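Welcome! Here is a short briefing to read alongside the structure, taken one topic at a time.

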Amino acid sequence: MKAPVLTFTDRGIYCPAADVYIDPWKPVERALITHGHADHARGGMGRYLATEGAAPVIRHRLGEIDLETVRYGESRAVGGARFSFHPAGHVPGSAQIRVEVGGEVWVVSGDYKLEHDGISTPFEPVACHTFITECTFGLPVFNWAPPGEVAGDINAWWRANAAEGRFSICGAYSLGKAQRILAALDPLIGPILCHGAIEGTNAVLRGQGIPLPDTIYVTPELDLKSVPGAFVLAPPSALGSTWAGRFRPASTAFASGWMALRGVRRRRSADRGFVMSDHADWAGLNRAIAETGAERVFVTHGYTSVFQRYLAEQGYDAGIVETEFGEDTEDGE
Ligand SMILES: [Zn+2]
Ligand SMILES: [Zn+2]
């Protein structure tokens with residue numbers, strides 16, 4: 001029996017033919033990275049390979065590392081395997097990684113979504129025999145509205161607050177979600193303020209040519225009287241903090257896929273919850289899997305047991321893989 005194209009180890013997803021890992025969570029000599037979120041791009045690897053679109057954020061987060069870049073679709077031979085990176089539509093530069101060994105093709109999805117977010121290269125299905133997919137939102141209850149509709153809701157909320165002299169404070173993860181919201185905002189409504197954690201990522205993405213509206217970095221010196229009715233973007237952890245307490249009066253909101261669950265909405269002490277995720281919803285997961293043409297699917301991160309059972313009922317050879325992805329973004333709670 002020939003060795004599988006990829007195996008699952010306690011360090012991460014491993015390709016024996018090339019002796020490389022994909023998004024490893026423990027130090028290894030050679031790591032292929034799907035995208036810059038902290039649960040996928042970790043420090044301590046000997047050498048890194050990622051897309052040129054993901055590299056600036058990875059360098060911003062991890063500092064001086066030995067990082068080589070590839071373009072989407074460019075093929076690299078490593079040992080007895082061939083690798084290429086394909087758009088995952090999750091955050092700028094995010095990739096699915098295609099691995100081919102002796103004519104057999106596996107694809108590691110990383111995190112992905114099918115909706116266009118205005119800042120990331122849109123998701124492209126990649127044909128394969130075996131697909132390893134995330135399933136963060138692998139339940140039918142997760143069903144995203146079209147992005148334009150959510151953007152309209154956010155702008156309407158902001159406009160109404162601004163008209164009554166309130167700040168609009170929105171919690172969103174600093175890489176991806178925050179910039180996606182920025183790209184969706186109507187700057188004619190008023191000034192847009194950003195917490196330092198988000199402004200740092202904005203600068204990196206602007207530096208690689210991703211257009212974002214003008215933002216004002218919130219410093220202790222900033223005179224809030226000069227920015228009435230502003231939209232204030234902050235990491236979720238900053239909401240309810242003394243940092244957020246400066247903005248008065250204010251209405252608060254969260255943007256997350258979890259806002260689709262009423263219980264989560266209630267537990268979050270925000271006035272509004274916008275259902276917006278950087279992960280695929282139920283229909284998106286099913287469409288992505290069908291479009292790969294894969295016969296075998298491994299699910300990881302999220303509602304794995306429900307989703308695995310569902311896929312098996314649909315006739316897939318379906319399995320569950322334990323990984324250490326997730327839990328670091330507000331979408332991974
Ligand atoms: Zn991610
Ligand atoms: Zn993740």
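Helix α3 (residues 177-184) packs against helix α4 (residues 196-207) at an angle of about 75 degrees, and their axes are 10 Å apart. The two helices are therefore roughly perpendicular to each other, a label for angles of 65 to 115 degrees.

This is a predicted model in which local features need pLDDT of at least 70 and side-chain atom pairs count only at pLDDT 80 or more, while totals for chains, interfaces and linings use all residues. Residues are numbered from 1 along each chain as its sequence is written, chains are lettered from A and ligands numbered from 1 in the order in which they are written, and side-chain values use heavy atoms, with hydrogens and water left out.

- Ala178, Gln179 and Leu182 of α3 meet Ile198, Thr201, Asn202 and Leu205 of α4, where contact means heavy atoms within 4.5 Å.

**The zinc site**
- The zinc ion (ligand 1) has His35 (NE2), His37 (ND1), His90 (NE2) and Asp111 (OD) as protein donors, 2.2 to 2.3 Å away; donors here are N, O and S atoms within 2.8 Å of the metal (3.2 Å for Na, K and Ca).
- Asp111 also bridges to the zinc ion (ligand 2), and the two ions lie 3.6 Å apart.
- Along the sequence, the donor residues of the zinc ion (ligand 1) follow the spacing H-x1-H-x52-H-x20-D.
- His35 sits in the loop between β4 (30-32) and β5 (47-51) and His90 in the loop between β8 (81-87) and β9 (95-101), so this pair ties together parts 55 residues apart in sequence.
- Both His35 and His90 are buried (under 20% relative accessible area, 1.4 Å probe, protein chains only).

Conventions. Helices (H or I, at least four residues) and strands (E, at least two) are DSSP runs, numbered from the N terminus. Buried means under 20% relative accessible area, exposed over 50%, partly exposed in between (1.4 Å probe, protein chains only). Axes are lines fitted to C-alpha atoms, for helices over the stretch in contact, and angles run from 0 to 180 degrees between N-to-C directions. Angles under 35 degrees count as roughly parallel, over 145 as roughly antiparallel, 65 to 115 as roughly perpendicular and the rest as oblique.
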